[in-house]
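Please look over the sequence and the model below before reading on. The paragraphs that follow go from the overall composition to particular elements and sites.

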Amino acid sequence: MSNSDNLKNMGLKATIPRLKILALFEKTEIRHLTAEDVYRLLLAEDLDIGLATVYRVLTQFEQAGLLERHYFESGKAVFELSPGQHHDHLVCVDCGRVEEFYDAEIERRQMRIAKERGFVIREHALYLYAECTKTECPYHGTSPRHAGERSKTPS
């Protein structure tokens, strides 16, 4: 089925901005994009779609269940294609890089803890904020908050 049909099935008209934004999420290797990221990627493809339109389409896609919105450490909304399967997120506090993961034991423990306290989990989101310890990490030290540290040279 085409993206046009997918949008129509969700009650959305298949406009050029919607089709381009959906295609962008489907083809990019970057899983979590801000509205500004989407806008920049569209500009790089010489597409004349305004930032307000990007925000509007992202909200429509979220409401239709095509995208999920997250708020990681930066406080900015990031969007990802709805994965179909639950996963959690590990967020680097140094560079903001996000890794997705699923751990069955964590899921079982959350259910057990909720049950012990008289709750039934309907949905949840787990964000773990951590510092990357990999010395070979290509993102290590790329955060703007560490820019002053990188420019310092030992005496």
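A residue is called buried here when its relative accessible area is under 20%, exposed when it is over 50%, and partly exposed in between, with a 1.4 Å probe and only protein chains considered. By that criterion, 29% of the 155 residues of the protein count as buried. The model is a predicted one, in which local features need pLDDT of at least 70 and side-chain atom pairs count only at pLDDT 80 or more, while totals for chains, interfaces and linings use all residues. Residues are numbered from 1 along each chain as its sequence is written, and side-chain values rest on heavy atoms, with hydrogens and water left out.

The protein contains six helices and five strands, where helices (H or I, at least four residues) and strands (E, at least two) are DSSP runs numbered from the N terminus. Read from the N terminus, these elements follow the order α-α-α-α-β-β-β-β-α-β-α. Among the contacts (heavy atoms within 4.5 Å) with a separation of 6 or more, 46% are between residues 24 or more positions apart.

In the helical part, helix 2 (residues 16-27) packs against helix 4 (residues 51-64) at an angle of about 70°, with their axes 10 Å apart. Helix 2 is therefore roughly perpendicular to helix 4, given that angles of 65 to 115 degrees count as roughly perpendicular, under 35 as roughly parallel, over 145 as roughly antiparallel and the rest as oblique. The axes are lines fitted to C-alpha atoms over the stretch in contact, and the angles run from 0 to 180 degrees between N-to-C directions. On the helix 2 side, Pro 17, Arg 18, Ile 21, Leu 22 and Phe 25 meet Thr 53, Val 54, Val 57, Leu 58, Gln 60 and Phe 61 of helix 4.

Turning to the strands, strand 1 (residues 67-71) runs antiparallel to strand 2 and is joined to it by five bridges; two strands pair if DSSP finds at least two bridges between them. Within this pairing, Leu 67 stands opposite Leu 81 in strand 2. Because four of the five residues of strand 2 (residues 77-81) are buried, this strand is largely enclosed by the rest of the structure.

An unreviewed UniProt entry lists Cys 92, Cys 95 and Cys 132 under "binding site". These positions are spread over 41 residues of sequence, yet they cluster in space, the largest C-alpha distance being 8.8 Å. Such annotations may be inferred rather than shown by experiment. Cys 92 lies in strand 3 (residues 88-92) and, at 7% relative accessibility, counts as buried. Cys 132 belongs to the loop between strand 5 (127-130) and helix 6 (147-151), and its relative accessibility of 14% means that Cys 132 also counts as buried.
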